[in-house]
Amino acid sequence: MTGGFSRRDALILGGAGVAVTVAGCTGFFVNQRATSPPSRSTASGNELAEPPELHSVNGVLSVVLESSPQRVPLAGREVNALSYNGGVPGPTLRIRAGDTLRVSLRNNLGAPSNLHVHGLHVSPEGNSDNIFVTVASGETFDYRYDVPVDHPPGVYWYHPHHHGLVADQVFGGLYGAIIVEDVEPIPAANDRVLVISDISFTSAGNIAQASTMEQMVGREGDFVLVNGQLTPTMSARPGERERWRIVNACVSRYLRLRLDNQQLTLLGIDSGRFETPREFDEVLLAPGNRADVFVTAQEGTSTLRALPYDRGSLDGMMMGGLNSSDTNDLVLATLTATGDTVTAAAPISRQRSQRDLRGAPLTAQRELVFDMQMGHGAGIGGMSPTINGSEFDVDRTDTTVQFNSVEEWLLTNISSQDHPLHLHVWPMQIVEQAGRPVDTLLWQDVVNIPARSSTRVRIAFDNFSGRTVYHCHILDHEDNGMMGVIDTR
Ligand code: C2O
Ligand code: CU
Ligand code: CU
């Protein structure tokens, strides 16, 4: 192993080093905030429920996804949210490399929408992962995704991508997981999907609107939910190995996840996978990132927590630097292991090694500069999230790339806030962070660019051509212009 991660190192991916200081957290949690006394009595502590699962059969999965406003139980109360097929999250789609996934999207939201399969390496054109499609309310659109036979296994997700409405529709409850199964299954006593999202309600039980200020920073919900639940519980027997597929479906919130007193093994982030899975204590997921984790249960009760992460603040504005970071731990879920100890599962076998672009000849080098510009047109409150000085324009192609080439992109963030860059279709290999070369193989589809810092990535534009986008996955920034069009041909 070249990474130099040792057992007790904090494994921080996609960001510069974060000082790990663990706030003490005591007692039990009725309320979510670990350091405040229990006050609101919201139903919590129920057994974790998982979204319904739909599996492909004989190489095909055909599903109908109906998006509509629904009254659903969320955070232990009945609220008016947005849902796919009546639930939040929507169903989990389980497919295999080589499959055809067909999704018939029925939009009953009363607003335009569409569908994006985040992280899947599929065509961005026609009725595949084409985010330029608009599905008007009352209409149905039939998507068809042909998943390549060598598609990497892992956890992906789906959500709407209609420009200008993405943050509101995701915040309202429209998201679900996609699993591309392992060719050789990795034994686990339990294979769980944990979709983490955040949301705020009005007293009438409607989804809260985000103010201009909240959109500038990137809205963070009052409640952080796992599969729509507030602090659900999980149970296991000591020694059992569980697999947790964790999705950060929050609009803007970074999740610095920790689960103390358990043995944690990280298989990978996004479509990236380590050849040798590694033990870790902590993992940082920017909005849109996923983690594929094994938990070998140790006797007792542990809490899955999100620790504070400082993603910067807006400076120069009259509110004098509105800070976006929470200062307390959040309790997301608990795991209790009791009963007879189960004999340990066999070690996880070596995973297929991934391509390394560090030695690859480059066709082009580019720089993308991320900024929050003052007094720049129609942005939020006189401030515009931009890439290379421009706001998103669907009719402009910002980046033209040669099919089958390898490019190196320097991602430079000159603003005082982090921006997580997401590129559709083609994953990115992170080769340098804050001026330091990355000495492990790191492939992700969302790459954090910390405030006033640069990150260098390499991308192989192979297998698919077409026009699609890259954008900040703080969805309020995306909706307000921090997005560019890329055309590979
Ligand atoms: Cu998860 Cu372009 O989005
Ligand atoms: Cu995406
Ligand atoms: Cu951003």
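**Figure 1. Aromatic pairs in the predicted model.** The structure holds eight aromatic pairs. Rings of Phe, Tyr and Trp (its six-membered ring) pair if their centres lie within 6.5 Å; planes under 30 degrees apart count as stacked, over 60 as edge-to-face and the rest as tilted. Phe141 is partly exposed, with a relative accessible area of 23%, whereas Tyr143 is buried at 2%. Here buried means under 20% relative accessible area, exposed over 50%, and partly exposed in between (1.4 Å probe, protein chains only). One aromatic cluster is made up of Trp409, Trp426, Phe461 and Tyr470.

The model is predicted: local features need pLDDT of at least 70, side-chain atom pairs count only at pLDDT 80 or more, and totals for chains, interfaces and linings use all residues. Residues are numbered from 1 along each chain as its sequence is written, chains are lettered from A and ligands numbered from 1 in the order in which they are written, and side-chain values use heavy atoms, with hydrogens and water left out.

**Figure 2. Arginine side chains over aromatic rings.** The charged end of Arg278 sits over the ring of Phe274, 4.0 Å from its centre. Arg241 lies over the face of Phe294, at 5.6 Å from the ring centre. A charge sits over a ring if NZ of Lys or CZ of Arg is within 6 Å of the ring centre and within 35 degrees of the ring normal.

**Figure 3. The copper ion (ligand 2) and its two histidines.** His116 and His422 each coordinate this ion through NE2, at 1.8 to 1.9 Å. His116 belongs to strand 6 (residues 116-118) and His422 to strand 25 (residues 419-423), so the pair ties together parts that are 306 residues apart in sequence. His116 is buried, with a relative accessible area of 0%, and His422 is buried at 0% as well. Donors are N, O and S atoms within 2.8 Å of the metal (3.2 Å for Na, K and Ca); water is not among the atoms, so sites may look incomplete. Strands (E, at least two residues) and helices (H or I, at least four residues) are DSSP runs, numbered from the N terminus.

**Figure 4. Strand 24 and its partners.** Eight of the eight residues of strand 24 (residues 406-413) are buried, so this strand is largely enclosed by the rest of the structure. Val406, Glu408, Leu410 and Thr412 form one buried side, and Glu407, Trp409, Leu411 and Asn413 the other. Strand 24 pairs in the parallel sense with strand 21 (residues 364-374) over seven bridges, and Ala364 has Glu407 as its bridge partner. Eight bridges join strand 24 to strand 30 (residues 453-460) in an antiparallel arrangement, where Asn413 is partnered by Ser453. Two strands pair if DSSP finds at least two bridges between them.

**Figure 5. Strand 29 beside strand 25.** Strand 25 and strand 29 run antiparallel and are paired over four bridges, with Pro420 opposite Asn448 in strand 29. Both faces of strand 29 (residues 446-449) are covered: Val446 and Asn448 are buried on one side, Val447 and Ile449 on the other.

**Figure 6. The surroundings of Arg243.** Arg243 is found in strand 13 (residues 241-248) and is buried, with a relative accessible area of 2%. Its side chain joins that of Asp292 in a polar contact of 2.8 Å. A polar contact is a pair of N or O atoms within 3.5 Å; within protein, one must be able to donate a hydrogen and the other to accept it, and residues adjacent in sequence count only if both atoms are side-chain atoms.

**Figure 7. Backbone details in loops.** A cis peptide bond, with omega about -5 degrees, joins Val88 and Pro89; Pro89 lies in the loop between strand 3 (77-84) and strand 4 (92-95). Arg452 has a positive phi of about 45 degrees although it is not a glycine, and is exposed at 55% relative accessibility.
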